[in-house]
Amino acid sequence: MRLFDVTLVRRTGIRFVGLTLAGILAASATPAASEPIVDASAKPVPRIIISTDVAIGLIDTHGGKSLTPVSFDADHAYTTDTNVAPQDIDDGLTLAMALNLDAAGQIDLLAVVPTYGNASLPAEMLVARQIISTLKKRKDIPVAPGAIGPAAQILNPTAKWFNGKTTKITGRKGSFALSCGNEGVSLMRDTLLADEGLGKKPTVTILAIGPLTDVACLLNTAPKRAIRNINEIIVLASRTKDSSVAVNGKVVNDFNFRMDPVGGTLMLAAGKARSVPIRLMSFGLTGQTSQTAGLFGFDAATYPGRKPSTAASRKSFKWLLEASEPRQAYWKGIFGTIEGPFDQYTLAAALKPEVFDCQAGLAYVQMCPYPAWSSSYPVSSGGDPTEEPYNTPVNPCVDHGTANGSSLSEVPAQLVVSSKTKKVGALVRGISGIDGNIPALNGKKARAVMVCTDFANSRARTKFEKLLKDWTW
Ligand SMILES: [Ca+2]
């Protein structure tokens, strides 16, 4: 079931930007029959699929957390997520911005695939409908539901058979590729195939702004022809090596990776897709606009709405502001300020890559020891745990350890980018290969990526803020 009426290829042609006034005048004066309408300097606009945990306005639990064993209490017991709270707003702001840019011919929004994450998938589908259909009247945009939960409900779910044999989760014949398909992943695959041949180069950019489960599924299951048509995957996740991830001095999660570390790892490991360009928007960049010193949060004092406004733009802007208020109050209660943009960095990177300082890097997954069932997990003589799982004092994961909050014991692994591109190590590092940790993926090397770590300069930062102000309403 798709939420809205879907026509897979809404536009058979590619849009162009860069028409010069001279070009337009020349074309409209006395055009010869064969004279091109498009200026030679014109370039096609980004053609975009968004994989998103869109949750603006929802009061909900994190949609996948309660399914994973990354939630423990100190007695090794599984815990469900009872933290009902106003959920994140940045996917909703990204989606509204993308729809506004699409309507203005600045991008082509080809498909939207909600996925669990900030909230549960069913509730998120309602948000997608609210923004796309109700506020923006865009029933022509294809929308289909993605994953309802992470790749695996235990971290290294090697299937065990009656006769002692096992089947791994990894690879195209593993249990993830066999089970991860859903309508959203099919929509992404079909969109890539439908776009085939539209350009000489790959045409489609995927913005991965939720847990990475569906993008991992796409890369592990789609035919080569579809994968070859991915221009780039821009991911809102990662930290550079040895970097803390904190807002106003308080350690936070690298949420999109944390929600599905196995899926994130399988995305980086996908065999046929290792040549697809991946751009990681690291927290060192995206966290800047949420720190007190550089705050650029979404509120009526900072954002103007569409100029000039229309009845429709006023209605949409008002809804986004009102739906954001509970989340901003919640965030302020924890961090002292409202929240800055995160997911919108990916859309800005697709549209204006020159705004960011990005370099080649190697992405890898660092395990944080130990799961509660590890033979190395420390217990007292009475068998009681003496520390939080994944949060030992001696720990290769930055921000972990007994000096930090026990909620970090729910984070089993981190996505890290090294700038030392000549020193290619393993994709999965640390203790792996036991249930409760990431599959070892023997032989896989760290994944070559681009990583964006800063604004190109102060003017570029102003340009980024102007882009968001102009189009978020
Ligand atoms: Ca998100």
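1. Let's start with Asp102 and Arg138: in this predicted model, both residues are buried. Their side chains meet in a salt bridge, with N and O 2.9 Å apart.

2. Next, find Arg47 and Asp108, which form another salt bridge; their closest N and O atoms are 3.1 Å apart. This pair also joins distant parts of the chain, with Arg47 in strand β3 (residues 47-52) and Asp108 in strand β6 (residues 108-114), 61 residues apart. Are these two residues buried or exposed? Buried means under 20% relative accessible area. Arg47 has 2% relative accessibility, so Arg47 counts as buried. Asp108, at 0%, counts as buried too. Asp195 comes into the picture as well: Arg47, Asp108 and Asp195 are linked in a network of salt bridges.

3. Now compare a pair in another setting. Glu196 and Arg225 meet through their side chains in a salt bridge, 3.0 Å from N to O. Glu196 is in the loop between α5 (183-194) and β9 (204-209), and Arg225 is in helix α7 (residues 224-228), 29 residues apart. Glu196 has 34% relative accessibility and therefore counts as partly exposed. Arg225, at 42%, is partly exposed as well. How many salt bridges are there in total? The count comes to 15.

4. Helix α11 (residues 311-335) deserves a slow look. At 1.5 Å a residue, its 25 residues should span 36 Å, and its end C-alpha atoms are 35 Å apart, which agrees. Where does α11 have a kink? At Glu325, shortly before the proline Pro326, there is a kink of about 35 degrees. Just after the helix, Gly336 takes a positive phi of about 90 degrees.

5. Stay with α11 and consider its covered residues. Among the buried ones are Ser313, Phe317, Leu320, Ala323, Ser324, Arg327, Trp331 and Phe335. An α-helix has 3.6 residues a turn, so residues three or four places apart point the same way. Keep that in mind as you trace the list on the structure. The elements covering the buried residues of α11 include β5 (85-86), α2, α3, β12 (246-247) and β13 (250-251).

6. Finish with helix α12 (residues 344-351), which is mostly covered: eight of its eight residues are buried. They include Gln344, Tyr345 and Thr346, along with Leu347 and Leu351. Ala348, Ala349 and Ala350 are buried there too.

Key
Residues numbered from 1 in each chain as written. Predicted model: local features only at pLDDT ≥ 70, side-chain atom pairs only at ≥ 80, totals over all residues. Heavy atoms only, no water. Salt bridge = Lys/Arg side-chain N within 4 Å of Asp/Glu carboxyl O. Helix = DSSP H or I, 4+ residues; strand = E, 2+ residues; numbered from the N terminus. Buried < 20%, exposed > 50% of the residue type's maximum accessible area, 1.4 Å probe, protein only. Expected span 1.5 Å × (residues − 1). Bend = angle between axes of the 7 residues up to and from the residue. Contact = heavy atoms within 4.5 Å.
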